[in-house]
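Have the model open as you read.

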Amino acid sequence: QVQLVESGGGLVQPGGSLRLSCAASGIIFSIYTMGWYRRAPGKQRELVATITNGGSTDYVDSVKGRFTISRDNAKNTIYLQMNSLKPEDTAVYYCHASRKYDYWGQGTQVTVPS
């Protein structure tokens, strides 16, 4: 049974930081491309960042220079370090694993009040 469990969300003031974590089980973690998506209220789900099994990263333009995705294959975990948070970053953040099949976490809420 595949599980992706996110943690680390919360309420943070503008300009603050949070680090999200996603612990994976039930997959050969090291071969998966992993990513973070988010869904803001009233908006479609958006890809935020990805990291390949080789460690290559990519980001949506709106978070470049502020967010950093990383992975620890020994812990089957990915992270999203979010700095200089803005109200427009408010969303539910979802962990995603992709290879032959796609898997999703349950999401963690990030709220940055305006």
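## Ground rules

A charge sits over a ring if NZ of Lys or CZ of Arg is within 6 Å of the ring centre and within 35 degrees of the ring normal.

This is a predicted model, in which local features need pLDDT of at least 70, side-chain atom pairs count only at pLDDT 80 or more, and totals for chains, interfaces and linings use all residues. Residues are numbered from 1 along each chain as its sequence is written, and side-chain values use heavy atoms, with hydrogens and water left out.

## The aromatic pairs

Searching the whole structure gives two aromatic pairs (ring centres of Phe, Tyr or Trp, the last by its six-membered ring, within 6.5 Å; planes under 30 degrees apart are stacked, over 60 edge-to-face, the rest tilted). Tyr 32 and Tyr 103 make a tilted pair, with 6.3 Å between centres and 50 degrees between planes. Tyr 32 belongs to the loop between strand E3 (18–25) and strand E4 (33–39), while Tyr 103 is in strand E10 (residues 102–104), 71 residues apart (strands, E, are DSSP runs of at least two residues, numbered from the N terminus).

Tyr 32 is buried at 9% relative accessibility, and Tyr 103 is partly exposed at 23% (buried is under 20% relative accessible area, exposed over 50%, partly exposed in between, with a 1.4 Å probe and protein chains only).

Tyr 37 and Trp 104 pair edge-to-face, at 4.8 Å centre to centre and 65 degrees between planes. This pair joins strand E4 to strand E10 across 67 residues. Tyr 37 is buried at 18%; Trp 104 is partly exposed at 33%.

## An arginine over both rings

Arg 45 lies over the face of Tyr 37, 5.7 Å from the ring centre. Its charged end also sits over the ring of Trp 104, at 4.1 Å from the centre.

Terms used:
Helix = DSSP H or I, 4+ residues; strand = E, 2+ residues; numbered from the N terminus.
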